[in-house]
Amino acid sequence: MEYLKWSNQDGIATITIERPPANALSSGLLRELSVVLDEMEPNQDIKVIVIHGEGRFFSAGADIKEFTTLSSEGFANLSKYGQDLFDRMEKFPKPIIAAIHGAALGGGLELAMACHIRLVGENTKLGLPELQLGLIPGYAGTQRLPKYVGVARAAEMLFTSEPITGMEAVQFGLANHAYPENEVLEQALKLAGKIAKKSTGSLKATIQLLNYAKNEEFYEGSKKEVELFGEIFVSPDAKEGIQAFIEKRQPHFKGE
């Protein structure tokens with residue numbers, strides 16, 4: 001790995017973006033992220049994933065210099081690759097937490113929006129400034145941002161190219177919590193620790209259902225919830241969870 005490193009401890013895998021100074025999302029970095037997800041998905045020792053950036057930023061955006069080498073077809077292919085990768089992250093069977101500090105701009109914010117939970121620094125800058133360059137977001141930013149902040153606010157952010165702060169991101173529904181910049185990763189790992197205690201089966205099923213909800217497929221999502229509830233209810237982990245509740249103790253899930 002040239003741009004990423006990852007480690008796993010106590011069921012929490014940490015992915016670190018290491019492409020100073022801006023942690024720009026080059027095509028090479030995106031390919032490495034795909035490889036990392038390939039390795040993590042079947043790994044039963046990994047329950048939760050935290051992704052963060054080394055240095056000053058989470059990610060200040062795409063690699064603009066790389067754009068100058070691409071044809072129109074090449075640019076479209078890169079956009080499709082990034083969209084497919086971020087779609088995969090959104091549907092990934094293990095919760096992904098973005099620990100965002102410094103800045104998440106352009107592709108960096110699009111990456112963060114593909115994660116299930118976002119924790120931010122209070123003064124972190126988040127935005128999609130592509131129109132400032134005469135471009136538009138290419139990794140489904142125009143589609144995900146309105147789902148979190150609403151169409152009107154998304155339009156303002158896109159048209160003006162002006163970022164919002166981490167505190168505003170929480171207020172607008174784009175982020176879950178804001179902390180001092182130097183505490184974001186610590187808080188993300190603490191949150192991941194709580195999630196890692198849950199059953200892998202129930203986590204996977206919940207991610208599926210949240211994606212139904214995000215896409216506003218209420219009745220289809222409700223039907224899927226019934227189906228998955230039936231499957232989960234008879235699982236060994238569910239039986240253990242119910243028995244632990246009756247016995248007033250912590251459950252010991254085995255991922256079954």
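Thr142, Leu145, Pro146 and Val149 of helix 5 touch Val151, Arg153, Ala154, Met157 and Leu158 of helix 6 in this predicted model. Sorted by class, that contact has seven nonpolar residues, one polar and one charged. Helix 5 covers residues 141-149 and helix 6 covers residues 151-160, and their axes cross at roughly 130 degrees. The two helices are therefore oblique to each other, and their crossing is right-handed.

Now for another helix pair. Helix 1 (residues 27-40) packs on helix 3 (residues 72-90) at an angle of about 30 degrees. That makes helix 1 roughly parallel to helix 3, and the crossing here is left-handed. On the helix 1 side, the residues in contact are Ser27, Leu30, Arg31, Leu33, Ser34, Leu37 and Asp38. They meet Leu78, Tyr81, Gly82, Leu85, Phe86, Arg88 and Met89 of helix 3. By class, you get eight nonpolar, three polar and three charged residues in this contact.

Here are the two pairs together:

| Helix pair | Angle between axes | Axis distance |
|---|---|---|
| Helix 5 and helix 6 | roughly 130 degrees | within 7 Å |
| Helix 1 and helix 3 | about 30 degrees | 11 Å |

Three strands make up an open sheet with mixed pairing, in the order 5-7-8. Strand 5 (103-105) and strand 8 (164-165) sit at the edges with a single partner strand each, so one side of each has no neighbour in the sheet. Strand 5 pairs with strand 7 (residues 125-127) in the parallel sense, over three bridges. Which residue in strand 7 is the bridge partner of Ala103? That's Lys125.

Methods. Residues numbered from 1 in each chain as written. Predicted model: local features only at pLDDT ≥ 70, side-chain atom pairs only at ≥ 80, totals over all residues. Heavy atoms only, no water. Axes fitted to C-alpha atoms, helices over the stretch in contact; angles between N-to-C directions. Helix = DSSP H or I, 4+ residues; strand = E, 2+ residues; numbered from the N terminus. Parallel < 35°, antiparallel > 145°, perpendicular 65-115°, else oblique. Left-handed = near helix turned anticlockwise from the far one by under 90°. Contact = heavy atoms within 4.5 Å. Nonpolar A, V, L, I, M, F, W, Y, C, P; charged D, E, K, R; others polar. Pairing = 2+ DSSP bridges.
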